[in-house]
Amino acid sequence: MAVTTQRAGPLSALQVMQDAPVIPVIVLNDVRHAVALARALVAGGIRMLEVTLRTPQALACIEAVAQGVPEAVVGAGTVRSAADAQASALAGARFAVSPGYTHAVGQACRDAGLPLLPGVASASDIMRAQEDGWNALKFFPALQAGGTAMLKAWGGPFGDVRFCPTGGVTMANAAEFLALPNVACVGGSWLTPLEPVAGGDWARITELARQACQLARRAA
Ligand code: 3PG
């Protein structure tokens, strides 16, 4: 779609969501796996890659993908502070995803030029994010916080918002979320299970990505 390379110019949060039906939520424990994993996902059609800041190696992994896999667009996940946002941008992240939202995180992302998918789980969260100009939001934790019923309810008052439900979404239930008009994509860790990543089974990762790309979406 609109974004083709790592250096393709300004990117919006909505573009991040619209590139593929699924944003993989990646936890990497070994920087040596980062480039191969990113290439495997790209080979399966997934280019927007969320590498979570949950391991000591996460920033090094972001840097490795940013430099070594130009056809991917690497972002930082689990961004919880302004410092996280700044470090992510320095490492080469091109977008940020946060589990919740604070004005400080939003401002730091804006200052760093990072489109942000802020995490929301309530109407008040959405209003705070929208007050700061963010309209492409992560619904987290999606299944636990109300799932598709919650998204349908939000469709009335927040008809201008597009969501990326994440948390408890799997290949088995992704289609239900993606059928909603306010869901642009879903996020999930199921594309990068620990075992094939640790064992270097990149063909398996590519196959999971391919399957995910075949999911249909309703939202424009
Ligand atoms: C997360 O932040 O861990 C994501 O929501 C992934 O959740 P999942 O493992 O349920 O896909």
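Leaving aside neighbours within four places in sequence, with which residues is alanine 93 in contact? The partners are Ile62, Val74, Gly75, Ala76, Ser88 and Leu114, where contact means heavy atoms within 4.5 Å. The structure is a predicted model, in which local features need pLDDT of at least 70 and side-chain atom pairs count only at pLDDT 80 or more, while totals for chains, interfaces and linings use all residues. Residues are numbered from 1 along each chain as its sequence is written, and side-chain values use heavy atoms, with hydrogens and water left out.

**Overall fold**

- The protein chain has 10 helices and 9 strands; helices (H or I, at least four residues) and strands (E, at least two) are DSSP runs, numbered from the N terminus.
- The radius of gyration of the protein chain, taken over C-alpha atoms, is 16 Å. This is close to the 17 Å that the globule rule (2.2 Å times the number of residues to the power 0.38) gives for 220 residues, so the chain is as compact as a globular protein of that length.
- Along the principal axes, the C-alpha atoms of the protein chain fill a box of roughly 45 × 35 × 30 Å.
- Of the 220 residues in the protein chain, 52% are buried; buried means under 20% relative accessible area, exposed over 50%, and partly exposed in between (1.4 Å probe, protein chains only).
- Among contacts in the protein chain with a separation of 6 or more, 63% involve residues 24 or more positions apart.

**Helix packing**

- Two packed helices are described by the angle between their axes and the distance between the axes. Axes are lines fitted to C-alpha atoms, for helices over the stretch in contact, and angles run from 0 to 180 degrees between N-to-C directions.
- Helix α4 (residues 82-91) packs with helix α5 (residues 103-112) at about 20°, and their axes are 8 Å apart. The two helices are therefore roughly parallel to each other; angles under 35 degrees count as roughly parallel, over 145 as roughly antiparallel, 65 to 115 as roughly perpendicular and the rest as oblique.
- Ala82, Ala85, Gln86 and Ala89 of α4 meet Ala104, Val105, Ala108, Cys109 and Ala112 of α5. By class, this contact of α4 with α5 has 8 nonpolar, 1 polar and no charged residues; Ala, Val, Leu, Ile, Met, Phe, Trp, Tyr, Cys and Pro count as nonpolar, Asp, Glu, Lys and Arg as charged, and the others, Gly among them, as polar.
- Helix α2 (residues 34-43) and helix α10 (residues 202-213) pack at about 40°, with axes 7 Å apart. From α2, Ala36, Leu37, Ala40, Leu41 and Ala43 make the contact, and from α10, Trp202, Ile205, Thr206, Ala209 and Arg210.
- The contact of α2 with α10 has 8 nonpolar, 1 polar and 1 charged residues.

**Surroundings of serine 88 and alanine 93**

- Serine 88 lies in helix α4 and is buried, with a relative accessible area of 0%.
- Apart from neighbours within four places in sequence, serine 88 is in contact with Leu53, Leu59, Ile62, Ala76, Val79, Ala93 and Leu114.
- Alanine 93 is in the loop between α4 and β4 (96-97) and counts as buried at 7% relative accessibility.

**Backbone geometry**

- Most residues other than glycine have a negative phi, and most peptide bonds are trans.
- Threonine 78, in the loop between β3 (73-77) and α4, has a positive phi near 60°. Threonine 78 counts as buried at 12% relative accessibility.
- Phenylalanine 140 and proline 141 are joined by a cis peptide bond, with omega about -10°. Proline 141 is in the loop between β7 (136-139) and α7 (147-154).
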